[in-house]
Amino acid sequence: MSSNLIREHLANIHDDLLLMDGLDDAIIGTSQRINEHVLAVYSWEKIIAILTERDNMDFEDAVEFVEFNILGAWVGENTPIVVMSLDW
């Protein structure tokens with residue numbers, strides 16, 4: 001699915017949804033608790049794959065980047081969720 005289709009679909013779900021730039025292919029869905037904001041949900045494994053393939057990072061550098069710049073970033077109530085699968 002193209003980035004434009006993903007973003008269009010997600011905008012129809014919730015107009016305040018916060019997305020990470022350049023990581024649309026790592027989106028695996030949305031999440032919401034009762035009476036809370038809808039949040040974009042990303043796959044940790046897919047983010048790592050994008051960074052290693054697209055940005056030519058080695059695995060360790062990609063993990064460090066994700067830990068510091070993504071998992072360590074709070075950008076408000078709409079901060080996306082990153083899910084790490086148990087079967088990796």
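Ala 62, Val 63, Val 66 and Ile 70 are the buried residues of helix α3. They pack against α2 and β3. The model is predicted; its chain has an average pLDDT of 89, and 95% of the residues score at least 70. Mean confidence is highest in α2, at 98, and lowest in α1, at 73.

**Helix α3 and Ala 62**

- Ala 62 is found in helix α3 and has a relative accessible area of 0%, so this residue falls under the 20% limit for buried.
- Apart from neighbours within four places in sequence, Ala 62 is in contact with Ile 48, Leu 51, Thr 52 and Met 57.
- One of these contacts, Leu 51, is 11 residues from Ala 62 along the chain, and the C-alpha atoms of the two are separated by 5.9 Å.

**Nonpolar core**

- The largest nonpolar core has 20 residues, and those with the most contacts inside it are Leu 19, Leu 23, Tyr 42, Ile 47 and Val 66.
- Two or more residues of this core come from each of α1 (3-13), β2, α2 and α3 (59-71).
- Helix α2 gives the largest share, 5 residues.
- Ile 47 touches Met 20, Leu 23, Ala 26, Tyr 42, Val 66, Ile 70 and Val 82, when residues up to four places away in sequence are not counted.
- Val 66 and Ile 70, both on that contact list, are also among the buried residues of α3.

**Sheet**

- The sheet is open, with 3 strands in the order β1-β2-β3 and mixed pairing.
- β1 (27-31) and β3 (81-83) each have a single partner strand and stand at the edges, so one side of each is left without a neighbour in the sheet.
- From one strand to the next, the twist averages 30°.
- The pairing of β2 (residues 39-43) with β3 is parallel and runs over 3 bridges.
- In this pairing, Ser 43 stands opposite Val 83 in β3.
- Helix α2 (residues 44-53) packs on the sheet and touches β1, β2 and β3; the direction of the helix makes about 65° with that of β2.

**Aromatic pair**

- The count of aromatic pairs comes to 1.
- The ring centres of Trp 44 and Phe 59 are 6.4 Å apart and the ring planes stand at 80°, so the pair is edge-to-face; the cut-off for that class is over 60 degrees.
- The pair links distant parts of the chain, with Trp 44 in helix α2 and Phe 59 in helix α3, 15 residues apart.
- Trp 44 is buried, because its relative accessible area is 8%, under the 20% limit.
- Phe 59 has 45% relative accessibility and therefore counts as partly exposed.

**Loop residues with positive phi**

- Asn 35 is placed in the loop between β1 and β2. Its phi is near 60°, a positive value in a residue other than glycine.
- Asn 35 has a relative accessible area of 74% and so is exposed, the limit being over 50%.
- Asn 56 lies in the loop between α2 and α3. This residue is not a glycine, yet has a positive phi of about 55°.
- Asn 56 is exposed, with a relative accessible area of 66%.

Definitions and conventions:
Residues numbered from 1 in each chain as written. Predicted model: local features only at pLDDT ≥ 70, side-chain atom pairs only at ≥ 80, totals over all residues. Heavy atoms only, no water. Pairing = 2+ DSSP bridges. Helix = DSSP H or I, 4+ residues; strand = E, 2+ residues; numbered from the N terminus. Axes fitted to C-alpha atoms, helices over the stretch in contact; angles between N-to-C directions. Contact = heavy atoms within 4.5 Å. Core = buried A, V, L, I, M, F, W, Y, C linked by side-chain atoms within 4.5 Å. Buried < 20%, exposed > 50% of the residue type's maximum accessible area, 1.4 Å probe, protein only. Phe/Tyr/Trp six-rings, centres within 6.5 Å; stacked < 30°, edge-to-face > 60°. pLDDT = per-residue confidence, 0-100.
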